Amino acid sequence: MQKAESKIHSPVEEDLYRKFGQALFIAQPSADETLTLWVHRDRLIDVLQYLKPKFSMLYDLFAIDERTRANRSGQPASDFTIVYQLLSLDRNEDIRIKVALSESSLNIPTIISLWPNANWYEREVWDMFGVIVSGHPNLYRILLPPTWEGHALRKDHPARATEMGEFEMGPERVAKEQEALRFRPEQWGMKKASDDSEYMFLNLGPNHPSVHGVFRVALQLDGEVIIDSVPDIGYHHRGAEKMGERQTWHTFIPYTDRIDYLGGVMNNLAYIQSVEMLAGIEVPERAKIIRIMLSELFRISSHLVFYGTFVQDVGQMSPVFYMFADREKLFGIIEAITGGRMHPAWFRIGGVAADLPNGWDRMIREFIDFLPARLDHYDKMAMQNKMLKARTVGIGVYTQQEALDWGITGPGLRATGIDWDVRKKRPYGGYDQFDFEVPTSNNGDCYDRAELRIEEMRQSLKIIRQCLDNMPGGPYKSDHPQTTPPPKERTMEDIETLIHHFLNVSWGPVIPEGEASVMIEATKGINSYHLISDGGTNSYRTRIRTPSFPHLQQIPLISKGLMIPDLIAIIASIDFVMADVDR
Amino acid sequence: MSELMPVLLALTILIGGVAGAAILTWFERRLLGVWQDRHGPNRLGPLGIGQVLADMIKLLFKDDWVPPFSDKVVFIFAPTAIVVAMMMGFAVVPFAPGMMIIDVNIGLLFFLGMTSLAVYSVLLGGLASNNKYALLGGLRSAAQMVSYEVFMGLSLMGVVMMSGSFSLVDIVEAQTDVWFCFSQILGLIVFVIAGIAESHRLPFDLPEAEHELTAGFHTEYGGMKFAMFMLGEYLGLMLISCMIVTLFFGGWHGPALIGHWLPPLFWFGFKVFIIICFFVLLRAAIPRPRYDQLMSLGWKVMLPITLINLVITGAVLLWMEGAA
């Protein structure tokens, strides 16, 4: 531990020490080897300001309730810790800045002026932990209902409904909740009228055909022109992060499937890689390739849904049916391999749940031979359609700088010409062995975002074909005591094996203490699970960084001055699911 | 007997129109199903045609709710207006020689007048609902339909010039040898586009635009009042198809050479059927333009085309007269 602290492992760390003095910082080692520095609250803004030119993106901002954590050696005393994770795209580097807060003084300064996407993250920190963000323009609850009592991710907040007293939804409660949801323009600093006309305030959602789930955008309209808008999220919040603290390392896997519910097992990958990093588990080659193959199949599946709904939201009725029919074929394959369809929860710590079934290669080969012609067909039908182009080209444009400021990742970022794909830049789980391209384009509009996803499907097919042609043999799961119980036959032979088997299947694995997060290029952008283990059978803190959350936050910026149909095109082109936003 | 004929015919058309619109709801869904690799309603009765009955029963038994915040009289009146106006429009359609309710010398103007009346239905329904989405739908319909009315009328003037009459029978007779769809191709294109806009179907269903305005002008409507709007829409579709056939595709005349093999009523019905299928195909295939794009298409493209068509038609007619 002492050695790790004294070693300076990056120029940024050196710069920081030179500028602010080494005494200001406490370095913390982490399992993912990301530079993690503790900073005192008073100097936080100075440090972040200094880092801003080097780290263009605020990747994540979250809090940790440290009050019941046992293993915190080498870390400064803290009741609540705020974590700022910054990402530098050009240098491909991360830094985590941590701030310790004591329970008696729970407040931090806002950093919205540095990274505008901090807005929602800071609201989430307030909502979930009750940490006051001073200087924040609208510090309201974001995920929980405005009438909620308590801060849900605090350790003393109950995790189960049965601990909370009976829930009643009588007429009084209904009236109160509805009143709480009423949109008040003055709360957001909106004027009710201009000099010559009165504005109309329209609730688009939470139940609206085109908001892809339960999502509300309150619009300030002049005729049909959008003056301003306030996205309202949280209707799909299920407390996934809280559940992560209660489930064992293994039993949380099915919950991850339901975060980005179109991404299926790809969600497992983000979670499991962090667990494996914490436990130091090596995954066998075959398992890696199987994981990549299934993840890419799910990328295609998710993009097909995007494609269909995007075109449908622009008003073209038919293509979505073709795309769902293709996706159905894909689900046939997923079902044959995993037994599940949308949420197979099929990856396991250290590998996958089972080996590939006989004949898997034939099914997949048929599909990857079949799809390209269909994609060409759809291209003619939808993407080349002049009316669709008229509706989407030049609509919802943002620049590279805006994309970075707002934490946009995935195809949304690449549509502005930044060629940043985690699979290429930080090849995880075996992606370095594959030959594929990262499509980019330069306009940053709705049309480009759609086109990139379509090209990504072709690239995914290329990756799957390589998996198919080069599937290695060997085990599908690593032979590691944390992942695989001892052979059942031997449990009746000696007590040691019996005990280990029993513990492993009843309690689940004990993951060594530490912190880790691994980015993956998920269907919608960068997804990662920041896991903190306190050396137990479940996670101490599970932070799920999803791409859709910051993407939605940007809607007001890019829809200003456009019309309602443009907003629909923008929403469609972002490609989000509310489960991924609200968690 | 001869005095009873128009009455009988009127009753037949009234019942036939409603039944036709009902069957059309099923037919459209089946046809869309064929084009979209799916089945459509295929469970009840042969080919699923019983679905029509099931839908009607469902709509009849729905709660007949009038929103307390709406303008109640107008709210109830609006859906009837569209059905009445469209039904009246059928009065001047010549289905076959002698088979029409009334042959007036201003048949064409009567048709245009009736479709204009139908606009009020959508407009009033949207405004009376006192709902923001309905209001936006109503606003869109006002702008869209008022502009498309202009080209709709103008696009038909070429036909009137060539046949020298506003009477639909005269117009059909004038097409005995050559259908106007060749000489009046520009008029036909504009009329078809304006016709879709008038009957507010996809791609020009902006007052409804479910992806943008949930259900637009009829957001607050349910049960039979909603059914009336749908009935009106399908009647409108049939009426526009009938008019396209009458004005541009020779009405009851069959194609040259084989035309006399089958009765005129068959040819009329067959052509209307083809046009309806074409409208369904349009709905399946084309995305919806934005409201301002639709407007600029109207005023910047359609209006000049119509005017050019008029000038050319007039010039050619004068030249031919001079030559004769």
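Q: Which domains does the domain assignment of chain A give?
A: This is a predicted model, and its domain assignment divides chain A into domain 1, covering 2-155, and domain 2, covering 240-549. Taken over C-alpha atoms, the centres of domain 1 of chain A and domain 2 of chain A are 28 Å apart, and their contact draws 21 residues from domain 1 and 26 residues from domain 2.

Q: Which strand gives the most to the side of domain 1 of chain A that touches domain 2 of chain A?
A: That is strand S3 (residues 57-65) of chain A, which contributes 6 residues; by class, this side of domain 1 of chain A holds 13 nonpolar, 5 polar and 3 charged residues.

Q: How do strands of a sheet pair?
A: In general, they do so through backbone hydrogen bonds, in a parallel or an antiparallel sense. In chain A, an open sheet of 5 strands with mixed pairing runs in the order S1-S2-S5-S4-S3. Strand S1 (26-28) and S3 of chain A are at the edges with a single partner strand each, so one side of each has no neighbour in the sheet. From one strand to the next, the twist averages 25°.

Q: In what sense do strand S4 and strand S5 of chain A pair, and over how many bridges?
A: Strand S4 (residues 80-88) and strand S5 (residues 93-101) of chain A are antiparallel, with 9 bridges between them; for instance, Val83(A) has Lys98(A) in S5(A) as its bridge partner.

Q: Which helix lies across S3 and S4 of chain A?
A: Helix H4 (residues 118-129) of chain A does, running at about 5° to S3(A).

How values were computed
Residues are numbered from 1 along each chain as its sequence is written. Chains are lettered from A and ligands numbered from 1 in the order in which they are written. This is a predicted model: local features need pLDDT of at least 70, side-chain atom pairs count only at pLDDT 80 or more; totals for chains, interfaces and linings use all residues. Domain bounds come from an automatic or database domain assignment. Two residues are in contact if their C-beta atoms, placed from the backbone, lie within 7 Å. Helices (H or I, at least four residues) and strands (E, at least two) are DSSP runs, numbered from the N terminus. Ala, Val, Leu, Ile, Met, Phe, Trp, Tyr, Cys and Pro count as nonpolar, Asp, Glu, Lys and Arg as charged, and the others, Gly among them, as polar. Two strands pair if DSSP finds at least two bridges between them. Axes are lines fitted to C-alpha atoms, for helices over the stretch in contact, and angles run from 0 to 180 degrees between N-to-C directions.
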